[in-house]
Each structure stands twice: as C-alpha cells, then as structure tokens.
Amino acid sequence: MKEIVIISGKGGTGKTSITASFAVLGGNNVVVADCDVDAADMHLLMQPDFDFSEDFYSGELATIDINSCIRCNKCAQVCRFGAISIRNMQYVIDPLSCEGCGYCARVCPTEAITNKNRLAGKWYISNIKTGSIMVHARLGIGADNSGKLVAKVKNEARDIAFEERKDIILVDGSPGVGCPVVSSLSGANFVVLVTEPSVSGLHDLKRVYELVKKFNIKAACIINKSDVNPKKRDEIVGFLAEENIVHLADLPYDENFTRAMTQGQTIVEYDKNRIKPLLTASWERIKQLVIT
Amino acid sequence: MKIAFTAKGTAWDSMMDPRFGRTMFIVVYDEQSETFSSFDNSVVENEAHGAGTATAQKIFELSPDVLITGNGPGSHAAQALKQINIRIFTEAHNMTIKQAFEKFKNGELKEI
Amino acid sequence: MTNHSPVRIAIASGKGGTGKTTLATNLAAYIAEQEEVVLVDLDVEEPNSGLFFKGELIYEEPNFKMIPQWDEPKCTFCGLCQKVCNFHAVLQLGPTILVFPELCHSCYTCSELCPTEALPMISKRTGKLSNFRINNLHFVESRLDVGEEQAVPTISKTKQYSNENYAHLRIEIDDCPPGTSCPVIEATKNADFVILITEPTPFGLHDLTLAVETMRALKRPMGVVVNRYGIGNDDVIRYCQKENIPILAKIPNSRKIAELYSSGKLIYQEIPEVKELLSTILDYCLKASKGGIA
C-alpha cells in the first residue's frame with residue numbers, strides 16, 4: 001500500500017483538480033483522502049454519497065452554569081484571551097476567543113465552569129463515482145485547524161485501504177507550511193508538488209519543499225499554467241533540477257479546467273484530447289516512481 | 001527487558017498502531033516474567049495539541065527499555081523521550097504486535 | 001469621526017489563490033497615489049504581499065510570546081504544572097520539568113498556580129515583524145519562524161503594531177489568511193469592512209459560502225469581488241443576490257492579468273479598467289465603514 005500526497009504551498013494552482021483527475025485515472029484501486037479540510041472542495045467533483053458521517057471533537061471549551069455562578073469575577077480576571085465578559089448581568093464565554101486552557105474552571109470557587117470537548121467539524125466516508133471510497137471532512141467555523149482532523153481523515157483512509165486491499169491512497173494535501181500540511185505529509189511515500197509559474201508560486205514551492213525534505217520523501221512536480229510566464233517556468237525547472245525533483249509535466253493555461261468543474265467533472269473526463277494524455281502519462285510515471 | 005508497542009488492541013494478534021501520540025493503546029511485554037500489560041490511550045485522542053508529549057509522559061511512567069512503533073514520534077515527543085533511557089524502533093506498519101516483536105528480535109526494524 | 005483610527009478594510013477569501021494578495025497590493029498601491037496608506041500582511045504563515053513591493057526597510061522587531069521557564073531550585077516537584085496544562089506543554093519526567101514552547105498557549109495557568117513560583121513567564125521569539133516604506137505606502141508584515149505553530153498571537157501583535165503606528169492614517173488594508181479557522185477570525189474580527197474575493201466557479205462558490213458564514217458569525221459588514229469574471233458560471237452572482245451581499249466589482253478574466261501577476265507586477269498600472277474597478281471598490285468600502293468619508 002502506497003500513499004501519494006499532492007500539495008502546492010500556494011492556493012489556486014489546480015491542486016484539487018489534478019488530484020481528482022488522478023483519482024479518476026486510478027479508479028477502483030485508489031482510496032481518496034481529502035485533507036484540505038479548511039476549504040474542502042474535492043467532493044464537488046467526486047459525487048460522494050456521504051454514506052457515513054461523524055462529529056469531530058478537538059480541544060476544549062469552557063461553559064458556565066449561570067445557576068451556580070456567584071459573579072465573583074475570578075474567571076474573567078485570570079482569562080488571558082478576553083473570552084469571558086458580562087452580558088445582561090451574566091458571565092458569558094465567547095467560544096471564538098476561548099482557547100480551552102481551563103484556567104477559569106480551576107479558579108472558580110463554586111465549580112460553575114466546566115470544560116467540554118469542542119465540536120470542531122464533521123468527517124465522512126463516501127462511495128464515489130470512481131467505484132472507490134473517499135474520506136473527507138469539514139472543519140467548523142473558527143475551529144483550530146491543528147492537523148488533528150487531517151490525521152483523522154488519513155488514518156481512516158489507511159484503515160480502509162488496508163481492509164479493502166487497495167494499492168494506493170491518494171491524498172489531497174493541505175495548503176501552507178503549518179501543522180495541517182505536516183499531518184498531510186506524515187507517513188507518505190511520495191509527494192506530487194503542483195505549482196504555477198508566478199512569483200508567489202515559486203516562493204511557496206520552495207518553502208513547502210523545505211518541509212518535504214525534512215520528511216525525506218521522494219517528490220515530483222507538475223507545473224500548471226506553464227505558458228503564462230515562460231521565464232518563471234524555466235526558473236522553476238532549474239529549481240527542480242537542483243533539488244532532484246522529477247519534473248512530471250507542463251500543463252498549459254486552459255479554461256477547460258473551469259468548464260469541467262462547472263459540469264462537476266474532472267479535467268480528464270471533460271477534455272480527452274489536450275490535457276488528459278498529459279495527466280495520464282504523469283499518473284503512469286508516478287505509479288512507476290512510487291514502486292521503485 | 002520490557003518492550004512497549006503502540007497498538008490498536010491489547011492482544012498479541014492486535015494490529016500495531018502506526019501513530020505514536022494518538023495510538024489507541026500502549027502494550028508492554030515483559031520478557032522476564034512473560035507478562036503482558038496494556039494502557040488505554042484513547043483519552044489522548046481528543047487532544048488538539050500535545051498528544052505526543054502526553055503519550056511520552058505515559059511511556060515514562062510505564063518505563064519500558066524499548067519502544068516499537070510505526071511512523072515514529074514527532075519532534076516534541078522525541079525531545080521528551082530523550083530524557084528517558086529508551087531505545088526506539090520504527091516502521092512497524094501493517095503488522096500485528098507479534099509480527100513486530102519477531103521483526104525486532106531479528107533486527108529488522110529501524111532504530112532511531 | 002470621534003476616534004482617530006483608520007478605516008480597516010480586510011481582504012479575505014474562503015479559498016487560497018483567488019486573488020486576495022493581488023487585490024490587497026493593487027488597492028493599497030492605488031490609494032498611495034493620492035495619500036499615505038498602510039498595507040498589513042496578516043497571512044503570517046505565507047506572507048506574500050511583500051513580493052510585489054521593493055521598499056526600504058525602516059523598522060524590524062522580533063515577535064514574542066510568553067512561556068513559562070523552569071526555575072529548578074524553587075521547584076518542589078509537586079506535579080501541579082503538568083496536571084493543569086491542557087496543552088501538554090509542560091511535562092514532569094522524574095527530576096526534570098520540560099517546557100515545550102511551540103505547544104504553549106501562554107495561558108499562565110501553570111505559572112500562576114505554581115505554589116513556589118518556580119515557573120515564571122519569560123518572552124520567547126516566534127517570528128519577525130518588518131515595516132517597509134515605498135513613498136506613500138507603508139507596508140507591515142510578520143513572518144512566523146518555521147516550526148512555530150500558533151499564528152493567532154502573531155496576527156494580534158501585528159494588528160497592534162499597526163494601530164500604534166498608523167492611527168493618523170485614513171485607511172488600512174489587511175491581507176488576511178485564507179480559510180475559516182482561527183487565524184482568519186483573529187485577522188478579521190475588528191475589521192470595519194471585509195472584502196471577500198472569489199472566482200465564479202463551483203470551488204469558488206463553495207468556499208465563498210463558508211467565508212460568508214464566518215463573517216456573519218463575526219457580524220462584519222462585507223462585500224464580494226468576483227475575480228476572473230467570465231469563466232465558470234453565474235452561480236456566485238445568483239448566490240450573492242439571494243443572500244443580499246453586494247458585489248463590489250467583477251474583475252474580468254484575462255490572460256494579460258495572469259501574466260502581469262505571475263511576474264510580480266501591479267495590474268492596475270497597465271490595465272485602466274482595473275484602475276476604475278479599484279476606485280469603485282474603495283468608494284464602496286469607505287461609505288459602508290464607520291466614519292468613512294464619501
């Protein structure tokens with residue numbers, strides 16, 4: 001069983017469209033994990049049936065029982081996050097400010113404050129149009145994207161792949177360079193970097209590759225919209241050569257990506273002549289590289 | 001020698017849990033007395049942050065000589081485990097505790 | 001205006017890559033043609049606004065957060081610190097107390113509850129704040145050190161720096177982090193007006209609905225800018241009409257814009273139509289904000 005993670009550092013490079021295309025090309029043999037939980041979009045292309053769903057809890061949140069509260073103000077005094085205020089003569093906790101440290105509960109003389117597990121989102125297991133299975137999630141508003149939900153999605157996908165004897169787990173990774181992307185990369189066998197030839201594209205590619213190096217994972221790269229800036233494209237190719245990253249393909253700037261999306265299709269289903277051969281060749285190459 | 005495993009169950013045939021911090025159980029096998037003991041680590045599952053250090057604390061309390069796990073501890077947990085005199089072996093993925101133990105005995109696991 | 005603070009216009013989006021930084025940098029540069037303005041990059045994990053300006057560095061300072069430091073001689077090893085830390089940032093391993101700065105949320109619980117004051121709070125560097133100036137344009141960015149996990153305290157400090165130094169200006173533009181999680185909340189919670197920038201595609205619409213829900217939870221006035229208008233479909237427009245959210249501008253889809261952006265160039269200087277759109281956007285934001293001058 002091999003785990004392939006697609007990441008980009010920067011948003012809007014076409015990472016999800018490309019991941020979904022690989023999921024279609026891989027078909028029944030590929031379990032999909034959407035780890036971009038803060039802006040999960042892949043389900044829009046995969047026709048998931050939301051077969052199983054479960055609430056996801058992470059961290060804690062203080063709650064006040066106003067019947068036991070004697071309004072001594074101790075909780076508000078110790079809170080460093082300004083989460084406790086008085087409204088209509090009653091102490092209230094602002095859930096968006098509370099960090100769940102529990103200090104208030106510890107100093108409350110009447111035990112009016114308790115820390116409860118915080119509802120942080122929902123996760124799902126779905127049957128998808130490729131005949132395979134996808135694990136995906138939605139992070140709640142203002143929730144802490146600690147990487148824990150990403151870890152949950154990945155572990156469920158691993159368990160399913162193991163039980164159903166699937167060969168490949170395809171992970172749509174998180175953006176940025178913080179905790180969620182670290183969780184996306186943890187335990188992966190291969191990384192596909194999707195970038196675009198722009199000042200920010202190259203900048204973020206370099207930053208996220210620093211992280212990939214720490215994990216010591218083999219990497220390959222797809223340059224999307226490569227013809228928009230040939231000079232930057234060449235700069236990226238130079239960077240790839242320097243770092244020994246396999247250059248999989250250049251994809252042209254093509255509005256069919258968007259047209260496919262509006263039909264709820266991946267680009268390989270919509271555009272069989274121009275983009276599909278390029279992505280098919282990339283996918284075959286990735287499979288080869290993962291095995292060796 | 002006492003050997004700790006990160007596992008999804010508490011029997012010899014239970015699967016290893018590749019995660020360190022969020023492992024479901026910690027199972028300790030004592031070679032001398034040939035006894036098996038386990039610790040339910042599911043409380044840590046709910047933690048947003050610091051699962052690694054919390055589990056490292058538990059390992060410290062159980063004081064094994066060897067730890068066998070899958071992905072390996074993250075940087076914080078590794079730093080905590082450094083305080084303890086313990087050898088750590090990783091890459092025991094997709095196998096039972098028993099298989100992991102045999103691989104360890106045959107020197108087939110990677111020590112970090 | 002009773003208090004002298006700038007109108008804060010926050011630029012956010014549910015999804016990355018929709019043109020947030022492009023709009024923030026172009027809008028700020030456009031305003032700077034007439035008056036002094038401050039642009040604050042609050043995307044502290046991936047600050048990219050600075051790539052579009054080559055200004056003079058006028059000030060730099062480290063960002064700090066407060067963490068406990070173990071004072072060994074005072075410690076009685078009672079174990080309370082470890083017990084009260086909800087983040088497992090303080091461990092007691094035999095005769096040692098270990099503090100993990102990246103895990104610490106600076107809640108002071110361990111420090112203040114320690115019976116022997118053996119865990120005083122000290123400051124620890126988490127990143128760097130830089131302040132640049134390019135004629136009328138003041139640019140502030142913070143960059144988290146690699147491995148540092150908490151963006152929120154740094155965002156809050158960066159906002160505070162801008163408040164303290166630019167209270168005399170009329171307008172502040174904030175480039176916010178993407179998504180709907182804590183960093184966005186911190187970046188937008190006191191904004192006078194929030195511009196959500198999106199694309200007219202299914203992904204764009206889906207992420208816009210999440211961003212709208214977030215701004216409604218924060219009770220922020222908002223408007224939408226549709227970028228790359230012309231691709232995709234009209235679902236985003238219909239959604240905004242149905243939800244009564246004003247559409248401030250539609251920036252046309254154009255390869256020329258993509259090319260300018262890719263070379264790190266400002267767009268409005270080359271395309272007059274974009275300049276007009278910026279003027280419309282700015283007028284609307286100022287009218288809709290508190291104390292705005294029409």
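Contact means heavy atoms within 4.5 Å. The model examined here is predicted.

Q: What makes residues of domain 1 of chain C and domain 2 of chain C count as in contact, and how many are there on each side?
A: The cut-off is heavy atoms within 4.5 Å. Four residues of domain 1 of chain C are in contact with four residues of domain 2 of chain C.

Q: Where do the bounds of the two domains of chain C lie, and how do you know?
A: The bounds come from an automatic or database domain assignment. That assignment gives 7–64 + 127–288 as domain 1 of chain C, and 70–119 as domain 2 of chain C. Taken over C-alpha atoms, the centres of these domains are 40 Å apart.

Q: What area is buried between domain 1 of chain C and domain 2 of chain C?
A: Buried area is the accessible area that two parts lose on being put together, summed over both. For these two domains the sum is about 310 Å². Carbon and sulfur atoms give 34% of that area. Within domain 1 of chain C, the most area is lost by C:Glu148, C:Glu149 and C:Gln150, together 89% of what that side buries.

Q: How many residues of chain C and chain B are in contact?
A: 15 residues of chain C are in contact with 11 residues of chain B. The two chains bury about 1200 Å² between them, 63% of it on carbon and sulfur atoms. In chain C, C:His88, C:Leu93 and C:Phe100 lose the most area to chain B, together 42% of what that side buries.

Q: How many residue pairs are in polar contact between chain C and chain B?
A: A pair of N or O atoms must lie within 3.5 Å, one able to donate a hydrogen and the other to accept it. Four residue pairs count, both residues at pLDDT 80 or more. Zero salt bridges are found across this interface.

Q: Which strand gives the most to the side of chain C that touches chain B?
A: β4(C) does, with three residues. β4 (90–93) and β5 (96–99) of chain C each supply at least two.

Key
Residues are numbered from 1 along each chain as its sequence is written. Chains are lettered from A and ligands numbered from 1 in the order in which they are written. This is a predicted model: local features need pLDDT of at least 70, side-chain atom pairs count only at pLDDT 80 or more; totals for chains, interfaces and linings use all residues. Side-chain values use heavy atoms; hydrogens and water are left out. Buried area is the accessible area (1.4 Å probe) that two parts lose on being put together, summed over both. A salt bridge is a side-chain nitrogen of Lys or Arg within 4 Å of a carboxyl oxygen of Asp or Glu. A polar contact is a pair of N or O atoms within 3.5 Å; within protein, one must be able to donate a hydrogen and the other to accept it, and residues adjacent in sequence count only if both atoms are side-chain atoms. Helices (H or I, at least four residues) and strands (E, at least two) are DSSP runs, numbered from the N terminus.
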